[in-house]
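I opened a notebook for this structure and wrote down what I looked up, one topic at a time. The entries follow in the order I made them.

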Amino acid sequence: MNGLDSLLCLSARIGRNPLLVQASSGNTSLKLDGTLWIKASGRWLAFADREEILVPVELSECLECLRRNAPLPPHNGNGWPAHLRPSIETFMHAVLPHRVVLHVHSINTIAWAVRADAPLRLTEKLSGLRWQWIPYTFSGIPLARAIEAASTGDPAANVFVLGNHGLVVCGDDCDSAQALLTEVERRLEIPPRMAAEVDSHPFDQMAYCSDWRRPEVDALQALGRDVISKRIMDGGVLYPCQAIFLGPTLPRVPSATQFNEINGSSPVVVVDGDGVFTKKSITAAEWATLNGFAEVVRRIEPSAPIRYLTDHEVTSVMGVEGHHYRMSAENQMSAIAN
Ligand SMILES: [Zn+2]
């Protein structure tokens, strides 16, 4: 199997693990003969073995664009299908010296990476690995520059934990990168809090007749039933995809009989002490992000000091780039459904 085939197989495996990737999040790359093969924006890693998800970018041109603080041109010498454009994180992949780079929105990593004391806690957890902490910064050129600085400071570093964001692991080939990802995941694993059982509510029946339903997913129901999870949610936005796909706050009502008080287009509502309801029209990207969010929240320790995104950061990630990111993630799923 050549390098690209290996990357596509690995990408599909990673993409189908909801503890690593949700919707179109995460991206993978391979450097081959001066070309950086990078996941296209909005593509789902989960479909790497059946959809076109990679685009070729000339590595030297990419690094030159970064040096000039310029965006990648729409086409370079290699060219790529007009409907695909390189991931917003292409520069981050380009600056890393390793052949294979995997960026995932690991649930366990994020549950650590939203903590104000993450660098200290991770020093203990990742002892012996060549890892670097990257404080939260915006995707694209700012994140690439932060990674480049960390990598220059320790050229052997092959694990980067991104504050309020996720994880990057690197390797000389797909096997070594995958093995390192597995090892980091093993070390950062956190057992989730379980949701309290709630007797079937009479509203459930009504919900099935309306636009709403109660998903039979423990992690989701814990958002409404677990007081610790509710407190964590109330504090603010933990990471960008939460805000981009679910909005800065999830609508909350004190009782399921007050659904008619919910306005707006949110695909989800939290009923205090009861659980979570989702709209029947919830999209695949919203659903994947919601489940990922619930899994992160129930892995954050009750006493954890949390570093939420600032208002400025939330506003920025929900701007134009966030809108495009969201739309392209939805579009790929519509194309597959059709
Ligand atoms: Zn990311």
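Predicted model: local features only at pLDDT ≥ 70, side-chain atom pairs only at ≥ 80, totals over all residues.

**Entry 1: helix α12.** At 1.5 Å a residue, the 14 residues of α12 should span 20 Å, and I found its end C-alpha atoms 20 Å apart, which agrees. Next I looked at burial. Twelve of the 14 residues of α12 are buried, so I noted the helix as largely enclosed by the rest of the structure. The buried residues include Ala285, Glu286, Leu290, Phe293, Glu295 and Val297.

**Entry 2: the whole protein.** I stepped back for the totals. I recorded 14 helices and eleven strands. The protein has 338 residues, and 57% of them count as buried. The accessible surface comes to about 14400 Å², and carbon and sulfur atoms account for 54% of that surface. Among contacts with a separation of 6 or more, 70% are between residues 24 or more positions apart.

**Entry 3: the zinc ion.** Which residues coordinate the zinc ion? I listed His103, His105 and His165, each through its NE2 atom, at 2.0 to 2.1 Å. Along the chain these donors follow the spacing H-x1-H-x59-H.

**Entry 4: helix α7.** This helix covers residues 174-188. I repeated the length check: at 1.5 Å a residue, its 15 residues should span 21 Å, and its end C-alpha atoms are 21 Å apart, which agrees. The buried residues of α7 are Cys174, Ala177, Leu180, Leu181, Val184, Glu185 and Leu188. Seen down the axis of α7, the buried residues fall within an arc of 135 degrees, so I noted that they line one face of the helix. An α-helix has 3.6 residues a turn, so residues three or four places apart point the same way.

What covers the buried residues of α7? I found that the cover includes the helices α1 (3-15), α4 (107-113) and α5 (118-125). It also includes the strands β4 (100-104), β6 (159-162) and β7 (166-171). On the face turned away from the buried side, I found the exposed residues Asp175, Thr182 and Arg186.

The N-terminal end of α7 is capped by Asp173. I read a distance of 3.3 Å from a side-chain oxygen of Asp173 to the backbone nitrogen of Asp175.

I also looked at Glu183, which lies in α7. Glu183 is partly exposed, with a relative accessible area of 22%. Its side chain is joined to that of Arg187 by a polar contact of 2.8 Å. The C-alpha atom of Glu183 is separated by 9.4 Å from that of Leu126, and these two residues are 57 apart along the chain.

**Entry 5: two positive phi angles.** I first wrote down the background: most residues other than glycine have a negative phi. Ala23 is not a glycine, yet I found a positive phi of about 55 degrees there. Ala23 is in the loop between α1 and β1 (27-32), and is buried at a relative accessible area of 6%.

Asn164 is also not a glycine and has a positive phi, of about 50 degrees. I located Asn164 in the loop between β6 and β7. Asn164 is buried, with a relative accessible area of 2%.

**Entry 6: Gly140.** Where is Gly140 found? I placed Gly140 in the loop between β5 (131-134) and α6 (141-153). At 6% relative accessibility, Gly140 counts as buried. Leaving out residues up to four places away in sequence, Gly140 touches Ile88 and Glu89. Gly140 and Glu89 are 51 residues apart along the chain, and I found their C-alpha atoms separated by 5.2 Å.

Terms used. Residues numbered from 1 in each chain as written. Heavy atoms only, no water. Donors = N, O, S within 2.8 Å, 3.2 Å for Na, K, Ca; no water. Helix = DSSP H or I, 4+ residues; strand = E, 2+ residues; numbered from the N terminus. Buried < 20%, exposed > 50% of the residue type's maximum accessible area, 1.4 Å probe, protein only. Contact = heavy atoms within 4.5 Å. Areas by Shrake-Rupley, 256 points an atom, 1.4 Å probe, with all protein chains shown as cover. Expected span 1.5 Å × (residues − 1). Arc of directions from axis to C-beta. Polar contact = N/O pair within 3.5 Å; in protein donor to acceptor, adjacent residues only side chain to side chain.
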